[in-house]
Amino acid sequence: MSTFVVVAHPQLQQSRVNKRWVAELSKHHEHVIVHELYASYADKEIDVQYEQTLLADHERLVLQFPFQWYGTPSLLKQWLDEVFTTAWLFGSGGKAVAGKELLLAISIGGTQESYQAGGLIGYTISELTRPLQVFANQVGMTMLPLFTFYGAVQATEEQIEVSARQYVQHVLNPELDPRIARRRMLAEMKQKMNG
Ligand SMILES: Cc1cc2nc3c(=O)[nH]c(=O)nc-3n(C[C@H](O)[C@H](O)[C@H](O)COP(=O)(O)O)c2cc1C
């Protein structure tokens with residue numbers, strides 16, 4: 001499983017969480033390519049063809065970012081808008097990214113309790129990331145379970161350390177697609193029924 005991690009943090013040097021996640025990922029460079037958007041495109045001039053080549057070369061795309069005003073940092077939105085052109089997606093017979101996996105890894109300033117019905121924010125992260133889920137469906141990608149880290153602003157160094165290890169485990173887990181677990185469960189049931 002080859003994994004392409006696009007990191008979109010406008011000030012990665014000042015970051016605590018995303019910077020630590022990147023450091024932990026870099027220990028696994030044989031399995032994961034980490035691409036820092038703001039470092040690569042300080043001028044905001046995205047090399048679309050290069051990005052499309054990178055995407056074509058990997059089976060799993062991870063979008064790692066801090067939650068900002070209930071969405072992605074602006075350069076990540078620009079990257080999505082410019083790289084995923086209709087011509088590229090569908091010109092190749094709709095196969096440009098079809099069948100690849102999409103995983104969102106989000107650090108969130110607010111608490112988990114606030115991101116629920118009746119909470120301070122009132123909506124869950126799954127609800128607030130719907131546009132990216134629809135995007136995945138429309139381009140034929142399989143949406144994987146989210147990786148989230150709440151309370152990112154107040155988090156202790158220890159909590160960030162734990163999150164970094166959990167994050168890498170999540171990113172490297174080849175069996176995140178829920179259909180894999182379902183298939184296995186059905187196979188086990190069938191085996192039991194047959195004797
Ligand atoms: C411009 C801006 C907007 C933000 N918007 C939100 C938000 O909508 N919801 C939230 O929970 N946290 C928000 N935050 C907090 C960030 O999510 C938090 O600082 C970040 O996840 C911490 O990760 P880092 O240590 O890698 O920077 C915002 C922060 C900034 C700078």
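Met193 is exposed, at 68% relative accessible area (exposed means over 50%, buried under 20%, partly exposed in between, with a 1.4 Å probe and protein chains only). This is a predicted model, in which local features need pLDDT of at least 70, side-chain atom pairs count only at pLDDT 80 or more, and totals for chains, interfaces and linings use all residues. Residues are numbered from 1 along each chain as its sequence is written, and side-chain values use heavy atoms, leaving out hydrogens and water.

**Surface patch**
- Met193 sits in helix 9 (residues 178-193); helices are DSSP runs of H or I with at least four residues, strands are E runs of at least two, and both are numbered from the N terminus.

**Salt bridges**
- The structure holds 9 salt bridges, each a side-chain nitrogen of Lys or Arg within 4 Å of a carboxyl oxygen of Asp or Glu.
- Arg20 and Glu24 pair at 2.7 Å, N to O, and both are buried.
- These two are 4 residues apart in helix 1 (residues 17-26), so about one helical turn separates them.
- Glu161 bridges to Arg165, with the closest N and O atoms 3.8 Å apart; Glu161 is partly exposed at 27%, as is Arg165 at 46%.
- A network of salt bridges links Arg20, Glu24, Lys27, Glu161 and Arg165.

**Around Leu146**
- Leu146 lies in the loop between strand 5 (142-143) and strand 6 (147-149) and is partly exposed at 23%.
- Leu104 is 42 residues from Leu146 in sequence, yet their C-alpha atoms are 5.3 Å apart.
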